[in-house]
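Please keep the structure in view while reading.

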Amino acid sequence: MGTIKDITVMLIVENESTRAYLRMLLRTLELNNILEAGTGERALKAISSTSVDLVFLDTNLPDGNCFELVDTIKTKSSHCEILIISSDVTQEHVQQIISGPANGLILKPFTASVIKKKIVRLLPSLLSAKLTHSMPQMV
């Protein structure tokens, strides 16, 4: 069965300090398979060659629309859980995120507790997907 150590996480966040903070938090939870990208383009290159289970995606990317990126990621890896990170708390923006294919919203500024709660909530589906995708296909 898959364990938390088998989960691959991608941080798609422009700000290096925010990525470092998230990386540190993830490692305290024993999530050590961490990929990072500061742009949508770099993220897509990494995702095209690696299976990713969980994505933290900042809405403030320098090179694109995060909502298009969510669709692309979900097309490549339908099992992937995506958490959107945003500082835009307008009702319209929040509604757009909630009604889309992402699995949750994290508002900036966030705390370690918020990140841990989001991961704990997604853990059963992450582990289940990991188990399903690691089993051989029956013909």
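In this predicted model, strand 1 (residues 8–12) and strand 2 run parallel and are joined by five bridges, where two strands pair if DSSP finds at least two bridges between them. Helices (H or I, at least four residues) and strands (E, at least two) are DSSP runs, numbered from the N terminus. One of the residues concerned is Val-9, whose bridge partner in strand 2 is Ile-34. These two strands belong to an open sheet of five strands, which has the order 2-1-3-4-5 and parallel pairing. Strand 2 (33–37) and strand 5 (104–107) each have a single partner strand and stand at the edges, so one side of each is left without a neighbour in the sheet. From one strand to the next, the twist averages 20 degrees.

Residues are numbered from 1 along each chain as its sequence is written, and side-chain values use heavy atoms, with hydrogens and water left out. As the model is a predicted one, local features need pLDDT of at least 70 and side-chain atom pairs count only at pLDDT 80 or more, while totals for chains, interfaces and linings use all residues.

Within strand 2 lies Leu-35, which touches Thr-8, Val-9, Met-10, Leu-11, Thr-50 and Val-52, not counting residues up to four places away in sequence; contact here means heavy atoms within 4.5 Å. The C-alpha atoms of Leu-35 and Val-52 are separated by 8.7 Å, although the two residues are 17 residues apart along the chain.

Helix 2 lies across strand 1 and strand 2, and runs at about 165 degrees to strand 1. Axes are lines fitted to C-alpha atoms, for helices over the stretch in contact, and angles run from 0 to 180 degrees between N-to-C directions. The axes of helix 2 (residues 40–49) and helix 3 (residues 66–76) cross at roughly 5 degrees and come within 11 Å. The two helices, helix 2 and helix 3, are therefore roughly parallel to each other, a description given to angles under 35 degrees, with over 145 counting as roughly antiparallel, 65 to 115 as roughly perpendicular and the rest as oblique. Helix 2 contributes Gly-40, Leu-44, Ile-47 and Ser-48 to the contact, and helix 3 contributes Leu-69, Thr-72, Ile-73 and Lys-76.

The structure holds zero disulfides, a disulfide being a pair of cysteine sulfur atoms within 2.5 Å. For Cys-66, which is in no disulfide, the nearest cysteine sulfur is that of Cys-80, 14 Å away.

The table lists relative accessible areas, where buried means under 20%, exposed over 50%, and partly exposed in between (1.4 Å probe, protein chains only).

| Residue | Relative accessible area | Class |
|---|---|---|
| Cys-66 | 2% | buried |
| Cys-80 | 1% | buried |
| Glu-30 | 39% | partly exposed |
| Leu-35 | 26% | partly exposed |

Two backbone details remain. Most residues other than glycine have a negative phi, and most peptide bonds are trans. Glu-30, in the loop between helix 1 (16–28) and strand 2, has a positive phi near 70 degrees. The peptide bond from Lys-108 to Pro-109 is cis, with omega near -10 degrees, and Pro-109 is found in the loop between strand 5 and helix 5 (112–134).
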